Amino acid sequence: MTLGYEIPQGSKIHFGTSAKIKRDIELKAVDIFYKNGFEEISTPSFSFSNDNKVSRNTIRISSNNNKQMILRNDNTTDVIKIIHRHLGDISHKKWFYIQPFYSYPSAEINQIGAEFLNKDSLGNLLCVAVSIFLELKIEPILQISNMNIPRLCAKEENLDIEIFSRTNIDSILKSASYFAPLVSIQTKQDLISYIKIAPSFLKSELENLLHIASCCHYENTIFSPLYYSPNGYYDSLFFRMFDGNKVLLLGGRYEIDEIKSCGFAIYTNDVVDYILNKVGE
């Protein structure tokens with residue numbers, strides 16, 4: 001029996017219409033990045049594993065002298081470390097890339113990303129991300145959060161932060177009276193109204209959330225002040241675009257190599273599928 005050419009599980013083929021859509025996404029993103037002062041960087045697919053905390057999802061390989069290497073499993077970390085450790089003290093702070101990353105056992109995730117080596121520029125970066133999606137004429141839900149808010153609430157009420165990461169609404173609502181209006185916040189006006197009556201220990205972080213959202217207008221925006229996701233490196237102000245269970249974009253503030261920055265990543269394969277589904281409706 002002759003077997004056909006097998007595509008590893010987790011890989012993705014783009015051809016015909018989907019390939020055209022993928023290229024259109026990339027070209028429009030590149031144009032917007034250059035208009036906003038970004039420069040491109042491309043990092044190697046392989047890197048030496050000098051970290052004992054390598055994720056179990058990492059694909060491990062060996063160099064010609066049997067030194068352990070890994071396939072790039074995170075674009076942001078590689079970009080920041082290469083800029084910091086190999087390019088030296090450079091003045092340029094805005095970078096973008098279009099390249100995949102890899103996850104065990106055989107997943108290849110196409111990604112468009114941007115990093116701004118300035119933690120206070122998240123509002124600007126959010127506008128760049130939004131403008132790419134508007135240029136593509138698609139408007140998935142944009143959710144904006146601030147993970148410092150659930151941290152402060154947990155500290156104030158002596159709660160386990162896990163109740164926020166598990167989104168245990170019943171436990172949250174029973175914990176303090178001010179949680180109910182926080183949970184119900186969805187619109188910008190909801191947030192503005194709540195800030196006026198918010199506990200003093202929350203006001204500055206709520207105002208930070210409002211400030212980021214005020215940097216650009218996007219109709220399909222919701223706010224989730226108590227959203228908490230402990231995975232990954234985004235650690236405070238955070239945003240994502242999604243459709244159903246599909247996350248199309250993640251972004252936020254982070255610190256890598258003691259460099260406080262902000263960035264976002266567009267998951268190209270999922271955006272292609274989203275556009276194809278919209279065309280088919």
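Colleague: Which residues lie nearest the centre of the largest pocket?

Modeller: This is a predicted model. In it, the largest pocket is lined by 29 residues. Those nearest its centre are Phe101, Gln111, Val247, Leu250 and Tyr267.

Colleague: How much space lies in the largest pocket?

Modeller: Rolling a probe the size of a water molecule over the atoms shows where empty space is left. For the largest pocket, that space comes to about 770 Å³.

Colleague: Which element gives the largest share of the lining of the largest pocket?

Modeller: The largest pocket has a lining of 29 residues. Helix 2 (75–85), strand 5 (94–103), strand 6 (107–116), strand 9 (237–243), strand 10 (246–256), strand 11 (259–267) and helix 10 (268–280) each give two or more residues to that lining. The largest share is four residues, and the element is strand 6.

Colleague: Which peptide bond is cis, with omega near 5°?

Modeller: Most residues other than glycine have a negative phi, and most peptide bonds are trans. Look at Pro105, in the loop between strand 5 and strand 6. The cis bond, with omega near 5°, runs from Tyr104 to Pro105.

Colleague: Asn158 is not a glycine, so what is its phi?

Modeller: Asn158 sits in the loop between helix 4 (148–157) and helix 5 (162–165). Its relative accessible area is 72%, over the 50% cut-off, so Asn158 is exposed. Its phi is positive, at about 55°.

Colleague: Where does Asp257 lie?

Modeller: Asp257 also has a positive phi, about 55°, although it is not a glycine. Its place is the loop between strand 10 and strand 11.

Colleague: How many residues apart in sequence are the parts that Asp257 and Arg85 tie together?

Modeller: Side chains of opposite charge can pair when their charged atoms come close. Asp257 and Arg85 form a salt bridge, 2.7 Å from N to O. Asp257 is in the loop between strand 10 and strand 11, and Arg85 is in helix 2, so the pair ties together parts whose separation in sequence is 172 residues.

Colleague: Is Arg85 buried or exposed?

Modeller: Exposed means over 50% relative accessible area. Arg85 has 53% relative accessibility, so the call is exposed.

Colleague: Which residue forms a salt bridge with Arg253?

Modeller: The closest N and O atoms of this pair are 3.8 Å apart. The pair links distant parts of the chain, 133 residues apart: strand 10 holds Arg253, and the partner is in the loop between strand 6 and helix 3 (122–135).

Colleague: How many salt bridges does the structure hold?

Modeller: The pairs include Lys28 with Asp24 and Asp257 with Arg85. The structure's total is nine.

Colleague: Which residues make the nonpolar surface patch of about 320 Å²?

Modeller: One of them is Ile7, in the segment before helix 1 (17–35). Ile7 is partly exposed, at 37% relative accessibility. The patch is made by Ile7, Ile13 and Phe15.

Colleague: Is Met69 buried or exposed?

Modeller: Met69 is in strand 4 (residues 68–71). From Pro8, Met69 is 61 residues away in sequence and 21 Å away in space, C-alpha to C-alpha. The relative accessible area of Met69 is 14%, under the 20% cut-off, so Met69 is buried.

Colleague: What distance separates the C-alpha atoms of Ser177 and His211?

Modeller: Ser177 is in the loop between helix 6 (169–175) and helix 7 (179–184). Ser177 is exposed, at 69% relative accessible area. Ser177 and His211 are 34 residues apart along the chain, and their C-alpha separation is 25 Å.

Definitions and conventions. Residues numbered from 1 in each chain as written. Predicted model: local features only at pLDDT ≥ 70, side-chain atom pairs only at ≥ 80, totals over all residues. Heavy atoms only, no water. Patch = residues over 30% accessible without salt bridge, like charges linked within 9 Å, V, L, I, M, F, W, Y side chains within 5 Å. Areas by Shrake-Rupley, 256 points an atom, 1.4 Å probe, with all protein chains shown as cover. Salt bridge = Lys/Arg side-chain N within 4 Å of Asp/Glu carboxyl O. Buried < 20%, exposed > 50% of the residue type's maximum accessible area, 1.4 Å probe, protein only. 1 Å grid on protein atoms, 1.4 Å probe; cavity = no way out; pocket = protein on both sides within 12 Å on 5 of 7 lines; lining within 4 Å. Points joined across faces, edges and corners; volume = space filled by probe spheres on them.
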